[in-house]
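Morning, everyone. Please have a look at it before I start.

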Amino acid sequence: MRELGVGEQPDKVYGCEVWRNLDWLNDDEKVYLDCSAHPNLSRSLSGVFDSQIAGGKQYDLAAEGRRVANATFCESHACDTYIMLNYAMDLTPLIKDKSLDIADFVAGYIKRFEESVLSNIKRLNG
């Protein structure tokens with residue numbers, strides 16, 4: 001596989017997670033991908049995996065439900081801005097700096113999330 005030249009690299013690279021929905025990222029580190037404009041397209045794309053859906057797992061409904069839930073839960077103290085929302089993480093640093101290790105990169109997010117959770121618990125505990 002040939003390596004992309006500087007002019008051929010994308011400006012941004014985002015990663016999404018299906019199972020955990022990036023719950024291990026701090027909210028201020030999540031990239032919000034607004035999926036509100038074309039719900040029919042989202043449904044059609046989910047329907048492509050008919051073999052999984054026909055097997056008894058309602059991935060299509062679950063994925064749409066999660067996007068709606070994300071739109072509601074993304075901001076706890078304001079009216080909803082989005083109708084449907086996916087979370088992503090910015091992976092761009094990994095393509096801009098080839099010396100970065102992906103495991104260390106992800107571990108940094110996890111460490112910051114851990115610090116945030118522990119800080120909130122200590123603050124609430126007095």
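Which residue in E3 is the bridge partner of Val31? The partner is Ala88. Before I go on, please note that this is a predicted model.

That pair belongs to the pairing between E2 and E3, where E3 covers residues 85-90. These two strands are antiparallel and are joined over four bridges. Another pair to find on your screen is Leu33, whose bridge partner in E3 is Asn86.

Now the other pairing. E1 and E3 also run antiparallel, and two bridges join them. Here Tyr14 has Asp90 of E3 as its bridge partner.

Strands in a sheet pair through backbone hydrogen bonds, and the pairing can be parallel or antiparallel.

Put together, the three strands make an open sheet, ordered E1-E3-E2, with antiparallel pairing. E1, at 14-15, and E2, at 31-34, are the edge strands; each has a single partner strand, so one side of each has no neighbour in the sheet. What about E3? Five of its six residues are buried, so E3 is largely enclosed by the rest of the structure.

Next, the helices. When two helices pack, we describe them by the angle between their axes and by the distance between those axes. For H1, residues 39-47, and H3, residues 59-73, the angle is about 145° and the axes are 9 Å apart. The crossing of H1 past H3 is right-handed. On the H1 side, the contact is made by Ser42, Arg43 and Ser46; on the H3 side, by Asp60, Ala63, Glu64 and Arg67. Sorted by class, that contact has four charged residues, two polar and one nonpolar.

Last, the cysteines. A disulfide is a covalent bond between two cysteine sulfur atoms. Cys74 is in none either; for Cys74 the nearest cysteine sulfur is that of Cys35, 12 Å away.

Are these two cysteines buried or exposed? Buried means under 20% relative accessible area. Cys35 has 17%, so Cys35 counts as buried. Cys74 has 12%, so Cys74 is buried as well.

That is what I have. Thank you.

Notes
Residues numbered from 1 in each chain as written. Predicted model: local features only at pLDDT ≥ 70, side-chain atom pairs only at ≥ 80, totals over all residues. Heavy atoms only, no water. Pairing = 2+ DSSP bridges. Axes fitted to C-alpha atoms, helices over the stretch in contact; angles between N-to-C directions. Left-handed = near helix turned anticlockwise from the far one by under 90°. Contact = heavy atoms within 4.5 Å. Nonpolar A, V, L, I, M, F, W, Y, C, P; charged D, E, K, R; others polar. Buried < 20%, exposed > 50% of the residue type's maximum accessible area, 1.4 Å probe, protein only. Disulfide = S-S within 2.5 Å.
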